[in-house]
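Subject: Structure for your review

Hello,

Here is the structure I said I would pass on. My notes follow the model.

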Amino acid sequence: MRKILPPRRAHSFSIRHEKWMNRRLWVITRRTMNILAIETSCDETAIALIEARGSFPESFSCTVLGNSLLSQAQMHAEFGGVFPNVAKREHQHALVPVLQETLRQAKLLDTPADTPENVISELESALEREPELFLNLAQFLRSIGKPPIDAIAVTHGPGLEPALWVGINFAKALAYAWHVPLIPVNHMEGHIVLSAMNHDRAARFDMPLVSLLISGGHTELVLSHSWLEYRLLGQTRDDAVGEAFDKVARLMGLPYPGGPQISKLAAAARAEGHESSAFGALPRPMMTTPDYDFSFSGIKTAVRRMVERLQPLTDEHKRHIALEFENAVAEVLIHKTLKAIEEFEAATIIVGGGVSANEHIRTQLARSIKDYGYQTKLLIPPPDLATDNALMIALAGYFRAEMKQFADPKDIVARGNLALA
Ligand code: KG4
Ligand code: ZN
């Protein structure tokens with residue numbers, strides 16, 4: 001028989017949560033901290049669980065207990081890009097299965113269920129915009145108890161707001177059910193901290209640090225004089241570099257996401273002995289401007305014209321266009337990064353974001369730093385962790401938790417344009 005529940009007070013969720021939050025802040029004094037992290041800023045539903053200890057950099061180390069991800073890329077491939085409302089719907093489907101998979105990896109699926117029925121029913125208001133997610137979560141909480149976690153980190157921006165909200169609301173619901181505090185995390189900081197790791201420890205590096213952040217939504221050069229402090233040097237004035245890869249791929253009839261496709265074609269052209277395109281050059285926009293800004297929409301327009309001129313497009317055309325496009329983008333990114341190394345006497349360069357998986361950009365940047373005789377240390381994530389994942393959010397969450405940057409759930413909102421600095 002269905003239990004008859006007392007009427008819910010409008011704000012009972014956040015009021016009770018606050019009380020629990022205050023009681024639970026002691027976790028930061030413990031020696032190890034288990035952080036569950038949730039990432040839904042774009043088209044990957046990702047959840048990770050880490051056990052972290054020590055302070056960055058000397059004594060920090062971490063064990064990844066679980067790290068899983070469900071990509072919506074195939075679904076978005078049909079449309080040639082990510083549609084926020086499709087992403088939102090898919091995150092709703094995926095969050096509970098991805099959480100289950102993460103806990104399965106961590107061998108934590110056998111905890112007996114312990115969430116009181118009245119708490120589960122209160123979650124309905126927290127997830128009123130995600131009714132399907134509520135049903136999945138209610139079923140999950142009736143079958144599994146609270147795992148040993150001390151805090152939940154969640155991406156609150158930048159990204160697609162409808163997609164961010166699903167992860168945020170899910171994190172709030174879990175934090176309420178399991179009585180743990182929340183840590184809002186900046187997605188771009190996640191990319192930076194992941195690049196600053198060397199396996200399960202912090203990489204050794206000196207300041208100043210220049211970070212080149214290249215992803216589907218961002219192209220930025222950021223300067224840091226100390227850990228987790230940022231000054232924006234410059235950014236794209238139009239398309240992000242990953243977006244340009246995706247759009248150029250689409251112009252050539254290649255599926256989303258375009259970065260890996262273009263990269264493969266360009267590598268094939270190089271393997272045939274080509275260094276540049278036999279079918280015309282592309283511009284290097286803003287390469288020599290005296291700032292740290294970028295612009296990639298001009299290259300995309302030039303590719304469109306090239307594609308129109310070359311119709312019908314053959315596989316050979318595609319390989320050459322990909323080669324020329326990848327060369328153009330790499331030259332611009334590397335030129336401005338070297339300029340920043342020079343001006344700010346950077347001791348370390350971090351490259352982060354999905355486009356840092358690009359083999360040509362990785363090798364060319366390393367070669368240029370060496371050729372110019374800079375002593376700068378280059379930190380790049382392993383290619384499989386360059387694109388979005390929740391491990392990076394868990395790491396950033398831990399470092400923010402160390403700084404006691406827990407947030408009241410009602411203050412955590414999706415911020416599509418959240419900046420680092
Ligand atoms: O960081 P990320 O996973 O998501 C955002 O935060 O945007 O970056 C995704 C972007 C996509 O535009 C994708 O095409 C690009 O990274 N990307 C690549 C490569 N792998 C992924 N771009 C160039 N070469 C690659 N190998
Ligand atoms: Zn990203």
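**Helix α10**

In α10, the buried residues are Ile299, Lys300, Ala302, Val303, Met306, Val307 and Leu310. Seen down the axis of α10, these buried residues fall within an arc of 160°, so they line one face of the helix. On the face turned away from that buried side, α10 carries the exposed residues Arg305, Glu308 and Arg309. The buried residues of α10 pack against α8 (241–251) and α11 (315–344). As for its dimensions, α10 covers residues 297–310, which makes 14 residues. From first C-alpha to last it reaches 20 Å, close to the 20 Å expected at 1.5 Å a residue.

Please keep in mind that this is a predicted model.

The loop between α10 and α11 holds Pro312. The peptide bond from Gln311 to Pro312 is cis, and its omega is near -10°.

**The zinc site**

The zinc ion (ligand 2) is coordinated by His187 (NE2), His191 (NE2) and Asp388 (OD), at 2.1 to 2.2 Å. In sequence these donor residues are spaced H-x3-H-x196-D. Distant parts of the chain are linked here: His187 is in helix α7 (residues 187–195), while Asp388 is in the loop between α13 (383–386) and α14 (391–402), 201 residues apart.

Are these two residues buried or exposed? His187 has a relative accessible area of 5% and is buried. Asp388, at 15% relative accessibility, also counts as buried, because the cut-off for buried is under 20%.

**Ligand 1**

Ligand 1 is surrounded by 19 residues, and the closest are Gly216, Asp246, Gly259, Gly354 and Asp388.

A polar backbone atom of Gly242 is 3.1 Å from an oxygen atom of ligand 1. For Gly354, a backbone N or O atom lies 2.9 Å from an oxygen atom of the ligand.

**Helix α14 and the segment after it**

How many of the residues of α14 are buried? The count is 11 of the 12, so α14 is largely enclosed by the rest of the structure. The buried residues are Leu391, Met392, Ile393, Ala394, Leu395, Ala396, Gly397, Tyr398, Phe399, Arg400 and Ala401. The list includes Arg400.

Just after α14, Lys404 takes a positive phi of about 60°. Asp408 lies in the segment after α14 and is buried, with a relative accessible area of 17%. The C-alpha atoms of Asp408 and Pro184 are separated by 9.6 Å, although the two residues are 224 apart along the chain.

**Backbone geometry elsewhere**

A cis peptide bond runs from Gly157 to Pro158, with omega near -10°. Pro158 lies in the loop between β4 (151–157) and α6 (161–178).

Two further residues have a positive phi without being glycine:

- His179 has phi near 60°. It lies in the loop between α6 and β5 (182–186), and at 23% relative accessibility it counts as partly exposed.
- Leu228 has phi of about 65°. It lies in the loop between β9 (219–224) and β10 (231–235), and at 7% relative accessibility it counts as buried.

**His91**

His91 is found in helix α3 (residues 84–105). At 0% relative accessibility, His91 counts as buried. What is it in contact with, leaving aside its neighbours within four places in sequence? The contacts of His91 are Thr40, Cys42, Asp43, Glu44, Thr45, Gln72, Ala163 and Val166.

Regards

Notes
Residues are numbered from 1 along each chain as its sequence is written. Chains are lettered from A and ligands numbered from 1 in the order in which they are written. This is a predicted model: local features need pLDDT of at least 70, side-chain atom pairs count only at pLDDT 80 or more; totals for chains, interfaces and linings use all residues. Side-chain values use heavy atoms; hydrogens and water are left out. Donors are N, O and S atoms within 2.8 Å of the metal (3.2 Å for Na, K and Ca); water is not among the atoms, so sites may look incomplete. Helices (H or I, at least four residues) and strands (E, at least two) are DSSP runs, numbered from the N terminus. Buried means under 20% relative accessible area, exposed over 50%, partly exposed in between (1.4 Å probe, protein chains only). The expected span of a helix is 1.5 Å times one less than its number of residues. The arc is that of the directions from the helix axis to the C-beta atoms. Contact means heavy atoms within 4.5 Å. A residue is near a molecule or strand if one of its heavy atoms lies within 4 Å of it. A polar contact is a pair of N or O atoms within 3.5 Å; within protein, one must be able to donate a hydrogen and the other to accept it, and residues adjacent in sequence count only if both atoms are side-chain atoms.
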